[in-house]
Amino acid sequence: MRELPFVASAVGIGRRDYSSAIEYASQPTVRGFQGRNNWALDADNVPTLPFGVAYSMAIGFYTRDGTLVYEAPSDVINHIYYVGAASGRKALVNVGLYYFASLADYYAWIVEGYHGWVSGYGLAELRYTTGIPTLAGRTYAIMFGEYSLEPLFDIRITANALEEEVVL
Amino acid sequence: MTNKDSDTVKLHGKIIISTDRGEKTEIENPEVKRVQTVRPERKK
């Protein structure tokens with residue numbers, strides 16, 4: 001954009017008023033796609049676990065060319081903003097989002113850290129306002145469980161992320 | 001924690017992983033891990 005010269009004329013005394021002639025224009029630059037990645041787990045008749053034990057599900061990501069991988073890709077960042085677990089009844093439900101340095105660490109259960117672990121009755125949700133950006137190479141897993149005296153439970157898990165293409 | 005604290009369980013259900021770009025993967029009767037939920041020790 002060509003800059004236009006402007007002159008702030010002197011009126012009265014004091015600092016000149018530069019605000020009157022300022023024009024500002026911006027144009028968005030398209031750098032890559034932004035879409036959504038959705039995970040859904042529907043499972044019925046899951047054996048109830050004792051408190052302190054949970055199920056863990058590694059979540060898959062798509063690379064730019066559409067390959068499903070279980071270590072976060074370097075060409076697409078997923079900003080995970082929602083993880084929710086719902087069971088069909090008013091019982092204690094837990095859900096958590098954990099991460100591992102690699103898929104091998106996930107299989108060996110060497111936890112690197114976690115982004116949240118929350119409890120609820122019938123529904124437990126993790127919400128991240130701006131999203132948790134995935135780091136290339138890490139494996140992310142959702143942990144969940146329902147705790148009651150019933151031997152089995154049904155579970156519905158939903159998780160969403162915004163996908164951002166990395167411009168190389 | 002080590003792998004002694006976890007094992008795998010086959011669930012009755014499915015996982016769907018889908019994107020706005022059109023990718024969709026359905027995994028029937030997925031395997032999940034059964035693990036301890038004690039506060040994890042950070043990897044040294």
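At 15% relative accessibility, B:Glu23 counts as buried; buried means under 20% relative accessible area, exposed over 50%, and partly exposed in between, with a 1.4 Å probe and protein chains only. Its salt bridge partner is B:Arg21, with N and O 3.6 Å apart. By salt bridge I mean a side-chain nitrogen of Lys or Arg within 4 Å of a carboxyl oxygen of Asp or Glu. B:Arg21 is partly exposed, at 27%.

Ground rules, quickly. This is a predicted model: local features need pLDDT of at least 70, side-chain atom pairs count only at pLDDT 80 or more, and totals for chains, interfaces and linings use all residues. Residues are numbered from 1 along each chain as its sequence is written, chains are lettered from A and ligands numbered from 1 in the order written, and side-chain values use heavy atoms, without hydrogens or water.

Back to the charges. Side chains of opposite charge can pair when their charged atoms come close. The count here is 11 salt bridges over all chains.

Take A:Arg156 with A:Asp44. Their closest N and O atoms are 3.1 Å apart. A:Arg156 sits in strand β10 (residues 152-165) of chain A and A:Asp44 in strand β1 (residues 34-47) of chain A, so the pair ties together parts 112 residues apart in sequence. Strands are DSSP runs of E, at least two residues, numbered from the N terminus. Buried or exposed? A:Arg156 is partly exposed at 35%, and A:Asp44 is partly exposed at 30%.

Next, A:Arg64 and A:Glu165. Their salt bridge is 2.5 Å, N to O. A:Arg64 is in the loop between β3 (61-62) and β4 (68-69) of chain A, and A:Glu165 is in β10 of chain A, so this pair links parts 101 residues apart in sequence. A:Arg64 is partly exposed at 41%. A:Glu165 is buried at 14%.

Now the sheet. It is open, with six strands in the order β7(A)-β6(A)-β9(A)-β2(A)-β4(B)-β1(B), and the pairing is antiparallel. Two strands pair if DSSP finds at least two bridges between them. Which strands are at the edges? They are β7 (113-121) of chain A and β1 (7-10) of chain B, each pairing on one side only. Twist averages 30° from one strand to the next. For angles, axes are lines fitted to C-alpha atoms, for helices over the stretch in contact, and angles run from 0 to 180 degrees between N-to-C directions.

Last, the chain B end. β1(B) pairs with β4 (residues 31-36) of chain B, antiparallel, over four bridges. B:Asp7 has B:Arg34 of β4(B) as its bridge partner.
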